[in-house]
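Here is a short note to read beside the model. Please keep the structure open and look up each residue as it is mentioned.

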Amino acid sequence: MSSLLASLSIATIPAEAEHFRSEVRAFLDRHLPARGADARARSWMGFDSAFSRQLAARGWVGTTLPRRYGGADLSVFHRFVLVEELLASGAPVSAHWIADRQSGPLILRYGTEAQKAFFLPRICSARAFFCIGMSEPNAGSDLASVTTRATREEGGGWRVNGRKIWTTHAQHCDYMIALLRTSGSTDDRHKGLSQFIIDLRLPGVTVRPIVDLTGDAHFSEVFFDDVVLTSGALIGSEGAGWEQVTAELAFERSGPERIYSSIVLLDRWMASLAGRPDRARYEAVVGRFLTQLFALRQLSIAVAAQLANGASPVVEAALVKDIGTEFEQAIPAAIEGLLADDPTNDVDMDLLRAAAYVSQVAPTFSLRGGTREILRGMIARGLGLR
């Protein structure tokens with residue numbers, strides 16, 4: 001346990017990244033229209049390609065990617081600050097989210113020069129949006145159980161058959177980076193897995209949105225029926241997919257986005273307490289949430305520091321994601337209870353709508369990016385407990 005905790009030693013955001021914060025806030029003041037809390041609470045899943053292109057025009061999509069590919073070549077800490085400010089303001093980030101956070105860095109690390117030259121400038125200009133093809137109907141978070149298969153074609157290329165599920169905004173995206181089985185069977189677990197870039201406009205690809213409790217369709221099921229890929233669709237080495245996807249998940253699970261899914265609701269509720277004569281009765285709840293947020297933020301910054309040093313903090317990122325998810329889910333549960341506790345209070349409809357929305361989507365927080373059970377298994381192994 002001591003080695004894992006030591007890896008999460010106290011880290012701070014460098015001064016130059018903190019100075020960047022005021023620039024981001026000024027941009028958001030100019031380009032983000034005023035909206036109610038219920039709209040801003042959709043930040044994580046808000047798909048707005050026009051807003052993403054405004055960010056890209058400032059160099060803030062593909063923030064950490066090299067300038068030669070169109071990126072801003074900024075640090076992991078700059079991206080941390082950018083993400084914090086976007087989520088705190090309720091900006092719609094989902095269009096460019098995945099490509100910026102993990103698809104671009106994955107292609108940069110494992111892709112061919114042709115893949116880098118083609119995809120990275122398109123990601124950085126918000127002209128190519130990516131989704132992740134990991135989960136499957138009968139696999140869930142057990143990625144080693146994926147059965148969607150890519151079979152080699154004579155003369156080169158691949159033929160893909162199978163399906164993926166819970167794919168965020170696949171219906172709006174241009175490409176998917178998919179984890180596919182290229183040899184063996186599910187009994188081989190981590191062996192025989194490879195990653196591919198799939199153009200979702202290819203013949204044989206069918207995308208079916210899944211409507212959730214809120215009436216939105218953030219997720220989709222994606223079917224592949226004899227989809228033909230060129231040899232250039234393979235990322236990295238055949239059979240190295242498990243190593244690559246593990247590195248990718250460190251990016252997915254480690255950032256402030258795993259802490260701030262409910263932050264607009266918390267901020268709006270705290271604002272509603274201003275001037276209330278009974279405000280003191282809520283101080284313990286406010287204090288509990290703010291101290292938890294501070295601790296989680298420190299953990300997340302520590303993981304960012306490891307990424308900045310070139311490490312792949314898979315277990316540490318899983319720890320932040322697991323604890324962060326509990327925090328995110330506790331906020332709507334507590335606030336809804338407090339709103340219902342005193343029926344004599346005036347109803348703040350904006351706050352009520354935001355609470356209703358976040359409560360409905362909160363169960364997904366512990367599904368996306370890996371279920372709680374899978375993450376805790378990884379953490380247990382990292383602690384030497386299994």
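1. Helix α5 contributes most to the lining of the second largest cavity, with four residues. This is a predicted model, and the points below should be read with that in mind. The second largest cavity has a volume of about 40 Å³. Its lining is made up of Trp60, Arg79, Leu82, Val83, Leu86, His96, Trp97 and Asp100. Two elements, α5 (76-89) and α6 (94-110), each give two or more residues to that lining. Sorted by class, the lining has five nonpolar residues, one polar residue and two charged residues.

2. How many cavities of 30 Å³ or more are there? The count is three.

3. The largest cavity has a volume of about 120 Å³. It is lined by 14 residues, and Met45, Tyr357, Val361, Phe365 and Arg368 are the closest to its centre. Helix α12 (residues 349-361) supplies the largest share of this lining, namely three residues. The lining of the largest cavity divides into eight nonpolar, three polar and three charged residues.

4. Now the cysteines. The model has zero disulfides. Why does Cys124 form none? The closest cysteine sulfur to that of Cys124 belongs to Cys173 and is 16 Å away, which is too far for a bond. Cys124 has a relative accessible area of 3%, so Cys124 is buried.

5. Cys131 also has Cys173 as the source of its nearest cysteine sulfur, here at 4.6 Å, and Cys131 is in no disulfide. The cut-off for a disulfide is a pair of cysteine sulfur atoms within 2.5 Å. Cys131 has 0% relative accessibility and therefore counts as buried.

6. Thr168 belongs to strand β3 (residues 158-168). Is Thr168 buried or exposed? Its relative accessibility is 18%, so Thr168 counts as buried; the cut-off for buried is under 20%. Leaving aside residues up to four places away in sequence, Thr168 touches Met45, Ser94, Ile98, Cys131, Cys173, His218 and Phe219.

7. Gly36 sits in the loop that runs between α2 (15-31) and α3 (37-40). Its relative accessible area is 26%, so Gly36 is partly exposed. Gly36 and Gly90 are 54 residues apart along the chain, and their C-alpha atoms are separated by 9.6 Å.

8. Helix α9 (residues 263-272) is mostly covered, with seven of its ten residues buried. The buried residues of α9 are Ile263, Val264, Leu265, Leu266, Arg268, Trp269 and Ser272. What covers these residues includes α3, α5, α10 (283-308), α11 (314-341) and α12.

9. Last, an item from a record. An unreviewed UniProt entry carries the annotation "domain: Acyl-CoA dehydrogenase/oxidase N-terminal" for residues 15-125. In the model, this span is 66% helix and 0% strand, and its end C-alpha atoms lie 27 Å apart.

Technical notes. Residues are numbered from 1 along each chain as its sequence is written. This is a predicted model: local features need pLDDT of at least 70, side-chain atom pairs count only at pLDDT 80 or more; totals for chains, interfaces and linings use all residues. Side-chain values use heavy atoms; hydrogens and water are left out. On a 1 Å grid over the protein atoms alone, a cavity is a set of points where a 1.4 Å probe fits but cannot get out, and a pocket is an open set with protein on both sides within 12 Å along at least five of seven lines; lining residues have an atom within 4 Å of a point. Grid points are joined across faces, edges and corners, and a volume is the space filled by probe spheres set on the points. Ala, Val, Leu, Ile, Met, Phe, Trp, Tyr, Cys and Pro count as nonpolar, Asp, Glu, Lys and Arg as charged, and the others, Gly among them, as polar. Buried means under 20% relative accessible area, exposed over 50%, partly exposed in between (1.4 Å probe, protein chains only). UniProt positions are given in the numbering used here, feature names are shortened, and annotations may be inferred rather than shown by experiment. Contact means heavy atoms within 4.5 Å.
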